[in-house]
Amino acid sequence: MSSLVAYEDSDSEEDRSGQASPARQAAATSGVELQLTSGLPAGGDAGSVRGKPSSASGSSSTLHLAPDLQYRWREGERRGSRETLTLNPPKRFPTDPWTRQASSYAYPESSRETEQGHAVKGENTSLNTQKRPVQQPQIVPGRVKPYIPKRMRLRQLDTCDVEHASDSELQPDSQHDSGLLSQVSQSVKPYLDSKYSCTEIPQRLLFKLLEHQGPVNQIQWCPVPQSSHLLLSASMDRTVKVWDAVDSGRCRKTYSSHSGAVRDACWSSCGRNILSGSFDTTAHLTDVETGQRLAELRNEFRVCCLALQPRDPHVFLCGGFSSEVKAWDCRSCQVIRSYKAGIQQTLDIVFLPEGKEFITSTDSVSRDSADRTLIAWDFQTTAKVSNQIYQERYTCPSLALHPKESVFVAQTNGNYMALFSAQRPYRINKKKRYEGHKVEGYAVGCEFSPDGSLLATGSSNGVVHFYNYLTSRVVRTLPAHQQACVCVTFHPVLPAITATCDWSGEINTWH
């Protein structure tokens, strides 16, 4: 005889329309214990059993079993065995979040223990010696779909993109050297644990780099001390190159992503990316190791100068043949701010300490150009802080910030460098003027040494001048090139290494 233990009394059977009786609904929501034994129940068919409350005696009820339970009951009847079934459905049926309808749920197989962990009464342990493993619910297509938050879905997509990326995108090309940034120069390694000492003026030529086919506009050492042996160069031949300018003097990487002359380029603060601006009106962010273009930012003007935001490495300023300077965000590739002035071209940009303000240099030269040559801007509000900084009728092709003091210098076409305060109202220092070199219309750059004791500049005749910052006197001159020397840069770690470049495409490193 078969018996049913239910939690609720009911006399009704399942109606012909397919609706379950109250007893069966209670069994589906609260849990039913079924014991199937050999023999048909009295007065019923093979698909019905009698039921009564499990905790107290009560009236009996008849329930129809599902087809799978009928089959298992018949199998038990045929074998003459006794089987105990325990159904533990969830308290609520899961709903499909897309159809908003109750979906069928794949329940786990019956276990030999109840939710409280006790064995079911009447279980024949002699016939059932092994416990069936509990199977996890299976997701049936078109039925139950688990909800995944949007942030997790985006994270999974990013992970899949990285895992399925080709080896050519994630690894350097076999033609190039692998581990460009992981290698530490043997000349730099002894200086990594020591503090930068006094800057020494170079005297002899170390390497001559001659692979560029056009004038070199900008050179810069890598700011990361471990990779500071790498030198970046931007040329009018539409290429950007990375050199080992300390140990071997050979070109390590060449990037040809621009279709026009590259006017300016700089390292990112982490040393893994290169930001370059070109006359093709674009600014590119390139991965140093793979050479992959990470971002392409298109402007409406030819780009002449770039400046990274000191407080946010993903934001930079871009200026050129336009009356405005744009602030770009590399993550969204969008212009976040715009700074407009009544000018024609921005020659150079430099951020002041803390990155809250910056100075732009323009090509505006006229009788009333005192309010447009050098302009101080507030980075957040895009407002002009001061436009009465430089009162003389000379353009300033380059600017440089002192590494320790709150001052900056401006290279002028009057064949001298003027010193200004980096704090409001940005007054010019009339007692100090660094003169003795010739500019003559070239975009000659200048730079302070890492300790701030020296100020170096190129000249139109190829001679490099080293000035004492405190006395503004020429300490030494170095005949570096035959043509105009447009850029000079000090090594950030080695105190006796300097690099120069000229208008013919030649790059020299000096020791």
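Predicted model: local features only at pLDDT ≥ 70, side-chain atom pairs only at ≥ 80, totals over all residues.
Strand S32 (residues 498-502) and S33 run antiparallel and are joined by 4 bridges; two strands count as paired if DSSP finds at least two bridges between them. In the hairpin of S32 and S33, 4 residues lie between the strands, and Gly505 takes a positive phi near 100 degrees.

S33 is also joined by 4 bridges to strand S6 (residues 205-209), again with the two strands running antiparallel, and here Leu209 stands opposite Ile507. Both faces of S33 (residues 507-510) are covered, since Ile507 and Thr509 on one side are buried, as are Asn508 and Trp510 on the other; buried means under 20% relative accessible area, with a 1.4 Å probe and protein chains only.

## The sheet from S15 to S18

An open sheet is formed by 4 strands in the order S15-S16-S17-S18, with antiparallel pairing. Its edge strands, S15 (303-308) and S18 (334-340), each pair on one side only, and the twist averages 25 degrees from one strand to the next, with axes fitted as lines to C-alpha atoms and angles running from 0 to 180 degrees between N-to-C directions. Within this sheet, 4 bridges join S16 (residues 315-320) to S17 (residues 324-329), and Leu317 stands opposite Ala327 in S17.

## Basis of the description

Residues are numbered from 1 along each chain as its sequence is written. Local features need pLDDT of at least 70, side-chain atom pairs count only at pLDDT 80 or more, and totals for chains, interfaces and linings use all residues, while side-chain values use heavy atoms, leaving out hydrogens and water.

Key
Buried < 20%, exposed > 50% of the residue type's maximum accessible area, 1.4 Å probe, protein only.
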